[in-house]
Amino acid sequence: MEPTDCEQAAQRYLERFGWPCVADGFAVWTLAGQAFDAVDIPAADGPGVLSALRNETAQPPQVITVPGDPAFWRFLVQRRAHVPRAWRATLTTAGARHLTTAARIELPPTRVPGGELTWVRPPLGRPTMLHHLVAALR
């Protein structure tokens with residue numbers, strides 16, 4: 001039997017980036033904290049945050065669009081065991097959600113009710129540092 005798109009993606013993520021992923025039906029995912037964390041930001045704010053991040057850091061951000069109602073952009077960020085209270089407040093004020101500590105992070109080509117997850121900025125190098133994303137949200 002031929003591997004599914006999600007099974008192929010999970011294998012590719014492991015081989016290219018060392019991300020331990022699981023393929024299950026129409027989804028491919030990893031657990032936050034294994035390779036990275038993620039921050040979900042309302043889709044309307046995604047392009048502005050991406051632009052600000054480009055000015056904040058030389059490392060290209062890794063960003064996924066997640067369609068649906070509500071739609072959002074998922075920014076992959078480096079793992080972080082402790083998030084300062086002020087950073088959490090900035091994330092909350094921006095309507096962002098920090099996926100950390102074993103949360104399930106779905107990756108392309110996962111299919112959700114609104115469509116398929118896609119890369120805005122595919123993975124290159126290490127994920128963005130959380131403090132850069134927090135600065136971009138301010």
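Two strands count as paired if DSSP finds at least two bridges between them. Keep that in mind for the first stop. The model on your screen is predicted.

**Stop 1**

Zoom in on residues 37-42 and 72-77. These are strand 3 and strand 5, which run antiparallel and are joined by six bridges. Which residue of strand 5 is the bridge partner of alanine 38? Select leucine 76 to see that partner.

What holds such neighbours together? Strands of a sheet pair through backbone hydrogen bonds, either parallel or antiparallel.

**Stop 1**

**Stop 2: helix 4**

Is helix 4 mostly covered or uncovered? It is mostly covered, with six of its eight residues buried. Show their side chains: Leu130, His132, Leu133, Val134, Ala136 and Leu137. These buried residues pack against strand 3, helix 2, strand 5, helix 3 and strand 6.

Keep helix 2 and helix 4 on screen together. Two packed helices are described by the angle between their axes and the distance between the axes. Here the axes come within 9 Å and cross at roughly 125 degrees. Angles from 65 to 115 degrees count as roughly perpendicular and those over 145 as roughly antiparallel. Helix 2 and helix 4 are therefore oblique to each other. Their crossing is right-handed.

Show the side chains at the contact. Helix 2 brings Val49, Ala52, Leu53 and Glu56. Helix 4 brings His132, Leu133, Ala135, Ala136 and Leu137.

**Stop 3: arginine 85**

Go to helix 3, residues 85-93, where you will find arginine 85. Is arginine 85 buried or exposed? Its relative accessibility is 68%, so arginine 85 counts as exposed. Try the distance tool on C-alpha atoms. Between arginine 85 and alanine 136 the separation is 17 Å, and they lie 51 residues apart along the chain.

**Stop 5**

Strand 2 (27-31) and strand 7 are joined by four bridges and run antiparallel. Check two pairs. Tryptophan 29 has glutamate 106 as its bridge partner. Leucine 31 stands opposite arginine 104.

Now compare the two faces of strand 7. Ile105 and Leu107 form the covered face, while Arg104 and Glu106 form the uncovered one.

**Stop 4: the nonpolar cores**

In soluble globular proteins, nonpolar side chains tend to be buried together. Look for that here. The largest nonpolar core has 19 residues. Those with the most contacts inside it are Tyr13, Trp19, Cys21, Val28, Leu76, Ile105 and Leu107. Helix 1 (5-17), strand 4, strand 5 and strand 7 (104-107) each supply at least two residues. Helix 1 gives the most, with four. A second, separate core has 18 residues, including Val49, Trp73, Val83 and Val134.

**Stop 7**

Finish in the loops. Between strand 4 and strand 5, find proline 70. A cis peptide bond joins aspartate 69 to proline 70, with omega about 10 degrees. Next, go to the loop between strand 7 and strand 8 (111-112) for proline 109. The bond from proline 108 to proline 109 is also cis, with omega near 10 degrees.

Last, select threonine 101, in the loop between strand 6 and strand 7. Threonine 101 is not a glycine, yet its phi is positive, about 50 degrees. At 68% relative accessibility, threonine 101 counts as exposed. Alanine 102 has a positive phi too, near 70 degrees. With 48% relative accessibility, alanine 102 counts as partly exposed.

Key
Residues numbered from 1 in each chain as written. Predicted model: local features only at pLDDT ≥ 70, side-chain atom pairs only at ≥ 80, totals over all residues. Heavy atoms only, no water. Buried < 20%, exposed > 50% of the residue type's maximum accessible area, 1.4 Å probe, protein only. Core = buried A, V, L, I, M, F, W, Y, C linked by side-chain atoms within 4.5 Å. Contact = heavy atoms within 4.5 Å. Axes fitted to C-alpha atoms, helices over the stretch in contact; angles between N-to-C directions. Parallel < 35°, antiparallel > 145°, perpendicular 65-115°, else oblique. Left-handed = near helix turned anticlockwise from the far one by under 90°.
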